[in-house]
Amino acid sequence: MAAKVVDASAIAALLFGEPEAGSVADQLRDGQLFAPPLLWLEVANVCLKKMRRHPELRTSLRAAFRLLDGLTIERADVNHGEVLDMANNAGLTVYDASYLWLARKVDAALVTLDQQLASADATVPQKRV
C-alpha cells in the first residue's frame with residue numbers, strides 16, 4: 001500500500017462533491033493516507049465558508065463534513081521549524097508547506113488540487129527532510 005499525503009483541497013473536493021472528487025478518489029485508492037493535524041481545521045473552514053455562502057445547504061454540508069471522521073487518515077506531526085524553512089524557500093504558506101514537508105518525511109505522493117502546492121511538489125528536491 002503506497003503512502004500518500006492528502007491536503008485539504010483534495011479532501012474537501014471528495015467530501016463536498018466537487019467536480020474533481022472522482023479524480024481525487026482514484027488517486028487515494030489503495031493508499032495509506034497521512035496528513036498534518038491542520039487538515040481537520042482547514043476542511044472545517046471550507047465547510048464554514050460553504051455554509052455561509054449557502055445557508056440553505058447547512059445540514060447537508062455538516063453531514064458531508066462528518067464523513068471526514070470515517071476516513072482513515074493518520075495524523076502526523078510536522079517539524080515546525082523545518083516547515084517554516086520549506087515555506088520560505090518554496091514560496092508557500094506554512095500550511096501548504098506542512099503537507100509538502102510531510103510528504104517528503106514519509107516518502108509519499110502528495111495528493112492536492114492546489115496548483116501552487118503541486119508546482120512546489122514538482123520542484124522542491126525529493127530528499128528526505
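These exercises treat helix packing and ring contacts in a predicted model.

Residues are numbered from 1 along each chain as its sequence is written, and side-chain values use heavy atoms, without hydrogens and water. In this predicted model, local features need pLDDT of at least 70 and side-chain atom pairs count only at pLDDT 80 or more, while totals for chains, interfaces and linings use all residues.

**Exercise 1.** Describe how helix 3 packs against helix 6.

Solution. 
- Locate the helices: helix 3 covers residues 38-53 and helix 6 covers residues 94-105. Helices are DSSP runs (H or I, at least four residues), numbered from the N terminus.
- Take the geometry: the angle is about 135° and the axes are 11 Å apart. Axes are lines fitted to C-alpha atoms over the stretch in contact, and angles run from 0 to 180 degrees between N-to-C directions.
- Classify the angle: helix 3 is therefore oblique to helix 6. Angles under 35 degrees count as roughly parallel, over 145 as roughly antiparallel, 65 to 115 as roughly perpendicular and the rest as oblique.
- List the contact (heavy atoms within 4.5 Å): Leu38, Leu39 and Glu42 of helix 3 touch Tyr95, Ser98 and Tyr99 of helix 6.
- Sort the residues: four are nonpolar, one is polar and one is charged. Ala, Val, Leu, Ile, Met, Phe, Trp, Tyr, Cys and Pro count as nonpolar, Asp, Glu, Lys and Arg as charged, and the others, Gly among them, as polar.

**Exercise 2.** Which residues join helix 6 to helix 7?

Solution. 
- Helix 7 spans residues 115-123 and packs on helix 6 at about 35°, with axes 10 Å apart.
- The crossing is right-handed.
- Asp96, Tyr99, Leu100 and Arg104 of helix 6 contact Leu117, Ala120 and Asp121 of helix 7.
- By class there are four nonpolar, no polar and three charged residues.

**Exercise 3.** Which residue lies over the face of tryptophan 40?

Solution. 
- Arginine 75 does, at 3.8 Å from the ring centre.
- The criterion is NZ of Lys or CZ of Arg within 6 Å of the ring centre and within 35 degrees of the ring normal.

How values were computed
Helices (H or I, at least four residues) and strands (E, at least two) are DSSP runs, numbered from the N terminus. A crossing is left-handed if the near helix is turned anticlockwise from the far one by less than a right angle, and right-handed if clockwise.
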